[in-house]
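Let's take a walk through a protein model together. Keep the picture open while you read, and look up each residue as it comes along.

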Amino acid sequence: MTGVPEGGLTRALAVRALLYFALWIVVDQSAKPANLVFGLLTSAAATWASVKLLPPTSGGVRLGQLLMLLPRFLWQSLVAGTDVARRAFAPQPRLQPGFVDYPVGLPRGAGRNAFELIASLMPGTVASDGTPEVIEFHCLDTGQAVVEQLAAEERAYAKALQPAPRDG
């Protein structure tokens, strides 16, 4: 896999396998040996599929810094949910649906994917397409300052989503 530092693939496989197995434990909630063996096999298959569909790249997301932004993330989720609900229940919702092109600074990869997911929590905004330089967002109201809001989100999350390259 190109762009993955030596040992990075092994680490990526181990992390993904552990996360899939942890998800299995949460879903199954059983310590029966047969269930655990099935969970291990299922986790191995999910890990293999995830590496084929989304190969690991160098860099990645700084999970610790991303977790420090959790309060901002939760607040944005609440604001977005409230705004969409308010629009849905309004007698005459103010909507100007359409698409907005956002010139993104993050390169394609895990960080950019995480940004697209986070940005989709903005009120009525969802990533829909993109090129290496631009992400296209579908918006419920193109009359809002969507590009400015996206730029603020990208600045807030930049350190967590675009870590410095590792030495060595």
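Predicted model: local features only at pLDDT ≥ 70, side-chain atom pairs only at ≥ 80, totals over all residues.

Residues are numbered from 1 along each chain as its sequence is written, and side-chain values use heavy atoms, with hydrogens and water left out.

**The strands**

A quick word on names: helices (H or I, at least four residues) and strands (E, at least two) are DSSP runs, numbered from the N terminus. Two strands pair if DSSP finds at least two bridges between them.

Start with E3, which runs antiparallel to E1, with six bridges joining the two. Here Gly 98 has Cys 139 as its bridge partner, and Pro 103 sits opposite Val 134. E3 also pairs with E2, again in the antiparallel sense, over five bridges. E2 and E3 make a hairpin with three residues between them.

E1 and E3 each have two faces. In E1, Gly 98, Val 100 and Tyr 102 are on the covered face, while Phe 99, Asp 101 and Pro 103 are on the uncovered one. In E3, the covered face has Ile 135, Phe 137 and Cys 139, and the uncovered face has Val 134, Glu 136 and His 138.

Some more terms: buried means under 20% relative accessible area, exposed over 50%, and partly exposed in between (1.4 Å probe, protein chains only). Contact means heavy atoms within 4.5 Å.

Which residues of helix H5 are buried? In this helix (residues 110-119), they are Gly 111, Arg 112, Ala 114, Phe 115, Ile 118 and Ala 119. They sit on the same side of H5 because they cover an arc of only 160° around the axis, judged by the directions from the helix axis to the C-beta atoms. Among the elements covering them are strand E1 (98-103), strand E3 (134-139) and helix H6 (146-161).

Now for the core. A nonpolar core is a set of buried Ala, Val, Leu, Ile, Met, Phe, Trp, Tyr and Cys residues joined through side-chain atoms within 4.5 Å. The largest one has 20 residues, and Tyr 102, Phe 115, Phe 137, Leu 150 and Leu 161 touch the most other members. E1, H5, E3 and H6 each supply at least two residues of this core, and H6 gives the most, with six.

**Charged side chains**

A salt bridge is a side-chain nitrogen of Lys or Arg within 4 Å of a carboxyl oxygen of Asp or Glu. The structure holds five of them, and Asp 83, Arg 86, Arg 87 and Asp 141 are linked in a network. Here are its pairs:

| Pair | Closest N and O atoms |
|---|---|
| Asp 83 and Arg 86 | 2.5 Å |
| Arg 87 and Asp 83 | 2.8 Å |
| Arg 87 and Asp 141 | 3.6 Å |

Arg 87 is in helix H4 and Asp 141 in the loop between E3 and H6, so this pair ties together parts that are 54 residues apart in sequence. Asp 141 counts as buried because its relative accessible area is 13%, whereas Arg 86 is partly exposed at 43% relative accessibility.

Compare Glu 154, which lies in helix H6. Glu 154 is buried yet has no salt bridge, and the nearest side chain of opposite charge, Arg 155, is 7.5 Å away (Lys and Arg count as positive, Asp and Glu as negative; His and the chain ends are not counted).
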